[in-house]
Amino acid sequence: MEKQTFGNMVAALRKENGMTQLELAEKMGVTDKAVSKWERDLSFPDIQSIPRLAEIFHVTIDELIQAKSETKEAVQGNFSKIVPLALKAVALAMGVAVAVLSAMDQVEIKAAIGMLGIGVACLAAVQLSKTEK
């Protein structure tokens, strides 16, 4: 099965089993609104009801939970791309701010050095994260 969210998996399994949200809700002892929220990844079923859900769909608990862990891995992968980009943006913003404020004679030397220091620290963090991989 391809990587998907828990909600997408529940929706796909429900449809494969020819059930409506209301029918699944009745079997699970919840409302159809709760099932709808699961399928839209707005909420997650109570941990104690996961075995029942797996039983209804004729899958293992691991198969149900695997979708959620793969989603978490995808989010972590995106996060590891966003952080270096954000750090580079901060460094650029500090450099531009110092250049513009200096041209306008609106910055003190201590403040300019501090801002540039922040920018350099951000760039150093990006470089360190690259060498650790």
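## Model and confidence

This is a predicted model, in which local features need pLDDT of at least 70, side-chain atom pairs count only at pLDDT 80 or more, and totals for chains, interfaces and linings use all residues. Residues are numbered from 1 along each chain as its sequence is written, and side-chain values use heavy atoms, with hydrogens and water left out.

pLDDT is the predictor's confidence in each residue, from 0 to 100. The protein chain averages 87. A score of at least 70 is reached by 87% of the residues. Where pLDDT is low, the predicted coordinates should not be read in detail.

## Overall build

The protein chain has six helices and zero strands. Its pattern along the sequence is α-α-α-α-α-α. Helices (H or I, at least four residues) and strands (E, at least two) are DSSP runs, numbered from the N terminus.

Of the 133 residues, 26% count as buried. Buried means under 20% relative accessible area, exposed over 50%, and partly exposed in between (1.4 Å probe, protein chains only). Contact means heavy atoms within 4.5 Å. Among contacts between residues at least 6 apart in sequence, 59% join residues at least 24 apart.

## H1 and Arg-14

In H1, the buried residues are Phe-6, Gly-7, Met-9, Val-10, Ala-11, Leu-13 and Arg-14. Gly-18 follows H1 and has a positive phi, near 65 degrees.

Arg-14 lies in H1, which covers residues 6-16. Its relative accessibility is 9%, so Arg-14 counts as buried. A polar atom of the Arg-14 side chain lies 2.9 Å from the backbone oxygen of Met-19. Leaving aside neighbours within four places in sequence, Arg-14 is in contact with Met-19, Thr-20, Gln-21, Leu-24, Glu-39 and Phe-57.

## How H2 meets H3

Two packed helices are described by the angle between their axes and the distance between the axes. The axes of H2 (residues 21-28) and H3 (residues 32-39) come within 8 Å and cross at roughly 110 degrees. That makes H2 roughly perpendicular to H3. Angles of 65 to 115 degrees count as roughly perpendicular. Axes are lines fitted to C-alpha atoms, for helices over the stretch in contact, and angles run from 0 to 180 degrees between N-to-C directions.

H2 contributes Gln-21, Leu-22, Leu-24, Ala-25 and Met-28 to the contact, and H3 contributes Asp-32, Val-35, Ser-36, Trp-38 and Glu-39. These residues divide into six nonpolar, two polar and two charged. Ala, Val, Leu, Ile, Met, Phe, Trp, Tyr, Cys and Pro count as nonpolar, Asp, Glu, Lys and Arg as charged, and the others, Gly among them, as polar.

## Two loop residues

Most residues other than glycine have a negative phi. Asp-41 has a positive phi, near 60 degrees, and is not a glycine. Asp-41 lies in the loop between H3 and H4. It is partly exposed, at 32% relative accessible area.

His-58 also has a positive phi, about 60 degrees, without being a glycine. It sits in the loop between H4 (50-57) and H5. His-58 is exposed, at 67% relative accessible area. From C-alpha to C-alpha, His-58 and Leu-13 are 9.2 Å apart, though 45 residues apart in sequence.

## Lys-88 in H5

Lys-88 belongs to H5, residues 61-103. With 40% relative accessible area, Lys-88 is partly exposed. Its C-alpha is 6.6 Å from that of Cys-122, 34 residues away along the chain. Not counting residues up to four places away in sequence, Lys-88 touches Leu-123, Val-126 and Lys-130.

Technical notes: Parallel < 35°, antiparallel > 145°, perpendicular 65-115°, else oblique. Polar contact = N/O pair within 3.5 Å; in protein donor to acceptor, adjacent residues only side chain to side chain.
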